[in-house]
Amino acid sequence: MSSEAVSILSTQRDNPTQQIEQSINMILQGVLGERNQDPRGSAAPVIYVACSGGLDSSVLLVATVAVAQQIGAEVVALHAQHGIAEAGERWADHVEALCKKLDIRFVTERLQIPSGNLEGNARAARYEFFSRWVGSRDILLLAHHRDDQSETILQRLFSGRGILPIRPQGRVGQGRFYRPFLEMNRQILEAFGAQDSILQSFSDPWVDDPSNLDTTFQRNFIRHELLPRLKSRWPEIDRHLVRVGSQIMGQSSALEHTLAALVDRAIVGERVGIGEYSAGVDGPALARNGGGKKLSLHLLPRSEASAIAWLRALSVVHAGKACSDRSARAFLQELHTPANGVAILKITASHELRSYAGDLYLVQSESAVPAHIQLAQMGPPPVQTPWACGTVEWWMMTEPEPLSVPWHERLVLQPRRGGEVLEQADGWSCPVKKMLARHKIPPWQRDSFPLLYLDEQIVCLPGLWVSEDYAKQALGVSQHLICRYAP
C-alpha cells in the first residue's frame, strides 16, 4: 500500500464524522441498490432512526440526516416513551426539538410496559412500536456500538443464553434493521458529538438517563462494575469478546444460510398437488405441499443441543427472529407426545413451526377467507387469490388432465363449513374431513380448506379429488380448469 493510501486511511480513522457517515452511507447505498432492482419500483425507502435522545442515538440521527440529504431519502425519528423515568417527557421534548432543527418528521408513542422483567419487557414493547412503522421497503437504524456488544455477550452468557453478539442486521416489522456502529467504540461517538455544531447548539447536546447508573439492572452492573475490572486485567477484552462472538455468529449464519437454501428448494419447481412429493426436488427430505413450506423431520439433528441450534436457525430463516432455547426444548419434548398429532413452536405472534405426520411446517398468520368466490367474475385465468394461510390459484387447459374440472361459469369456491360429504351416483360417499386426513392435510389447514361447488354440489377438492359424475356429465367441454390450494 502506498504512503498516500496509508495517510488517507489514517485520516479517516482520526476523523469521527467521516468514519461515522461512511458507515451509514455504505448501508444506505446497499439498500438503495437493492430497491432500484426491485420490480415494484425504485421509490426511495423511508429511513427510520430509533432515537432515545442519548449520545449514541443522537449522533446516529444527525449523521443519518447528513448522509440522506445527499441521496434524497426521507429520515424519520422514532422515539419510544417507556414511562419508567420521571424525565421521560423532557427527553421526548429534546428529541422533538432536535428533529425540528434537522427538519425531519418526529414520531413518538407512550408504551405500555408489562410488569415482571422490566428490561426485557421494555425492549419487547419498543421493538413492537418500531415494527408498526417500518414498511416492506423501509429500514430502521439502531445505534448499538462495540461497547454494547461486549455488554450483551456477557449478559447473555451469564443468563445462560449463549454468547451470540448483537446482530448487525435483521428483520423488523415488514422491513429490515441495521446497526452501522457495531465496529466502533463509544469514544468515536463522543468525539463526533463534541464537535457537531447541531448537537452543540443545545445547552444539553443529549440527554443522560440516570437509570443507566443503577447497577441493580444487569446491563448496568456489567458496564459499571464488571467490565472495568476485567479491562484492568485484560485491556483488549472488548475486542476479544466481539471476535469470539463474531465467530459464533458466523457459525449460526452459515447454518441459517444452509437452511434458507433448503427452504427455498422445498418450495420451488414443478407445481404438484397437495400431499404429493415433487419428483425433482431432492427425494424424501424435501417436499412441496402445494406451495407451502414443509421440511421432513428427519432433517432434525438427534442430539438435543444440535436440534436446538437447528431450530433457532430455522426460526431466523422463517421469522427473522430466533426462538428461545427454552421454547425449542419444550417443542422437542412435545414432538414425542403431540396434542392432536401437532407440536407447535411459537416464534412470534405471526410465525410458528408446526409438526405433523413426520413433517415440519413453516406457518404464518392466516388471512381472511372469503365467503365465496364466483370464478367467472375473477377475470381471465390464470388467477391467484389469498386464502387463509396461503393462496388459491386456477388456470385453464384445452385438454382434460388428472384432477382437472370441466369449466362451467357457475363454479364457486367456498370454505368448509363442517359436515360436508363427497357423494357420487354409485353410492360412494366420504366425509370431506376424512378425505383431507387421508391425504395428510394438516389439521390447521382443514377447517378453511376451499371446496369447489357447482350449484349445491361439491365437484372438486383442489388438488385432491374430482367428482367422476360431474366429469362424465361435462364430456365434450372444450375448457378444463385446474385448481390448486397452496397453504
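Biologist: Which residues have the most contacts inside the largest nonpolar core?
Modeller: Bear in mind that this is a predicted model: local features need pLDDT of at least 70, side-chain atom pairs count only at pLDDT 80 or more, and totals for chains, interfaces and linings use all residues. Residues are numbered from 1 along each chain as its sequence is written, and side-chain values use heavy atoms, leaving out hydrogens and water. A nonpolar core is a set of buried Ala, Val, Leu, Ile, Met, Phe, Trp, Tyr and Cys residues joined through side-chain atoms within 4.5 Å, where buried means under 20% relative accessible area, exposed over 50% and partly exposed in between (1.4 Å probe, protein chains only). The largest one has 37 residues, and those with the most contacts inside it (a contact being heavy atoms within 4.5 Å) are Ile20, Ile24, Ile47, Leu61, Leu141 and Phe181.

Biologist: Which helix gives this core its largest share?
Modeller: Helices (H or I, at least four residues) and strands (E, at least two) are DSSP runs, numbered from the N terminus. Several elements supply at least two residues each, including helix H2 (16-36), strand S1 (46-50) and helix H3 (55-71). The largest share, nine residues, comes from H3.

Biologist: And what does Ile20 touch, ignoring neighbours within four places in sequence?
Modeller: Ile20 is one of the residues with the most contacts inside the core. Leaving those neighbours aside, the contacts of Ile20 are Val59, Ala63, Phe181, Met184, Ile188, Leu189 and Phe192.

Biologist: How many residues does the second, separate core have?
Modeller: Val405, Leu413, Val432 and Tyr470 are among its members. Its size in residues is 32.

Biologist: How are the rings of Tyr127 and Phe130 arranged?
Modeller: Rings of Phe, Tyr and Trp (its six-membered ring) pair if their centres lie within 6.5 Å; planes under 30 degrees apart count as stacked, over 60 as edge-to-face and the rest as tilted. Tyr127 and Phe130 are three residues apart in helix H5 (residues 118-131), so about one helical turn separates them. With 5.6 Å centre to centre and 75° between the planes, this pair is edge-to-face.

Biologist: How many residues apart in sequence are the parts that Phe449 and Tyr485 tie together?
Modeller: The ring centres are 5.3 Å apart with the planes at 85°, so this pair is edge-to-face. Both Phe449 and Tyr485 are buried. Phe449 lies in the loop between helix H14 (443-446) and strand S19 (450-454) and Tyr485 in strand S22 (residues 480-486), so the separation in sequence is 36 residues.

Biologist: Which ring has the charged end of Lys101 over it?
Modeller: A charge sits over a ring if NZ of Lys or CZ of Arg is within 6 Å of the ring centre and within 35 degrees of the ring normal. The Lys101 end is 4.9 Å from the centre of the ring of Phe202.

Biologist: Is Lys440 buried or exposed?
Modeller: Lys440 is in the loop between helix H13 (432-438) and H14, and its phi is positive, near 60°. Its relative accessible area is 52%, so Lys440 is exposed.

Biologist: Over which residues is pLDDT below 50, with five contacts beyond near neighbours?
Modeller: pLDDT is the predictor's confidence in each residue, from 0 to 100. The chain mean is 84, and 89% of residues reach 70 or more. The stretch you ask about is residues 1-12.
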